[in-house]
Protein chains: 2
Amino acid sequence: MKKTDLRVIKTKETLHEALIHLLNGKPLTDISVTEMCREARVNRGTFYLHYGKVEDLFEEYFKEIMTDLTDSYMEPYRHVHILKTQQLDPSTIRIFHHIEKYKKFYRIVFSKSVPMSYYYLLFEQVNNLLNEDIRKYDLSSIDRDMMSAYQANAILGMAIEWHRKDFQQPATEMNALLVSILNYHLQQ
Amino acid sequence: MKKTDLRVIKTKETLHEALIHLLNGKPLTDISVTEMCREARVNRGTFYLHYGKVEDLFEEYFKEIMTDLTDSYMEPYRHVHILKTQQLDPSTIRIFHHIEKYKKFYRIVFSKSVPMSYYYLLFEQVNNLLNEDIRKYDLSSIDRDMMSAYQANAILGMAIEWHRKDFQQPATEMNALLVSILNYHLQQ
DNA sequence: ATTTTTATTGAACAAGTGTATAATAAAATT
DNA sequence: AATTTTATTATACACTTGTTCAATAAAAAT
């Protein structure tokens, strides 16, 4: 595939910067395309050449954050089988640290007015990692896709509750909580 | 509190009907306020007197569906402790039957372009029921809000995966799957 | 039945949306 | 360095949005 035109890269970068700048002043849903383009000094027609709405721009930005979740955080721990809870170390899953690091963006991702698409991106990322984890280590006959969807969204449920409490607890405490919840199921 | 004006009730009803009618032809996100009001033969100004955007109208509608989830389905089973998985009967949780019943609406609720608000309504409903369940029967020292958020969203994770497969499996099979996943955690 | 209250309407407004077109300028190709 | 390709721009268009206002009509209160 041929590499993208320099002008496109520059335009998108400028728009990204403008978005981040505007997000300091108002919620994502309140930012109009016109305002974005005025701020970025980019023609409105150019915007529509690359995106459909302001939310698409944030989605593109969030996808970059998603690669950080996989590359920097989850990847080095993938050798540990997450669902074998007995041997689960709190440091196994780094998702809470990741969310804490990008707290500013996850306040947007978890806000009720934004489209579901961001949540789905996050869900799919965690889901794929766990699904792969199950494929490698799990011999159970239970539907693997359901199993990973269950487990992945359970963790995101904690993230939602964490967000609701405005990320008060430190990420390490969230990890510890996850471990104790997983262990609780065994102790019953 | 004084009861609402008959005209308001009539207007809202007409708008609801128009929404349902339009949803047969196009996705929620593609329906404009103007189109809605043209269809309902309601003045656009009147719409803005009650709602802010088309999505709010669907939210109002979805809230009615939510009461069905609590009243008709979950309420009669609340005496059974859901998290005590050993004694969990597939019929304990009726959420999958509820979703199957309102399949048409949940295709919208789980679609990626709609706002998170519908998902949050659903989450809070299930979350509250499980939270109450834990309060009644659980003596564990684990953060109750986190525990219920974890468990509630885990179930919704299955619903998301179910939706992704376009609700192929029957609800009874989803119940059985939930039970086997919960039991698997114990059998490890 | 008459009066009072208030929801709905129609009209008008500035601003935003989404799309199309020709002119321009910047990058890629030769 | 000259040429070709294409992203960006300025402008214009019909349409939607969100709000305001006085006039009207429907419901509630007397």
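This is a predicted model: local features need pLDDT of at least 70, side-chain atom pairs count only at pLDDT 80 or more; totals for chains, interfaces and linings use all residues.
Ala, Val, Leu, Ile, Met, Phe, Trp, Tyr, Cys and Pro count here as nonpolar, Asp, Glu, Lys and Arg as charged, and the others, Gly among them, as polar. Residues are numbered from 1 along each chain as its sequence is written, with chains lettered from A and ligands numbered from 1 in the order in which they are written.

Of the 21 residues around DNA strand C, those that come nearest are Ser32(A), Arg7(B), Thr11(B), Asn43(B) and Thr46(B).

Turning to the two protein chains, 36 residues of chain B are in contact (C-beta atoms, placed from the backbone, within 7 Å) with 36 residues of chain A. Helix 8 of chain B gives the most to this side of chain B, with 13 residues; helices are DSSP runs of H or I, at least four residues, numbered from the N terminus. That side of chain B divides into 20 nonpolar, eleven polar and five charged residues.

Helix 8 of chain B is largely enclosed by the rest of the structure, because 17 of its 21 residues are buried, that is, with 20 or more other C-beta atoms within 10 Å of their own, all placed from the backbone.

Technical notes
Helices (H or I, at least four residues) and strands (E, at least two) are DSSP runs, numbered from the N terminus. A residue is near a molecule or strand if its C-beta atom, placed from the backbone, lies within 6 Å of it. A residue is buried if 20 or more other C-beta atoms lie within 10 Å of its own, exposed if 12 or fewer, and partly exposed in between; C-beta atoms are placed from the backbone.
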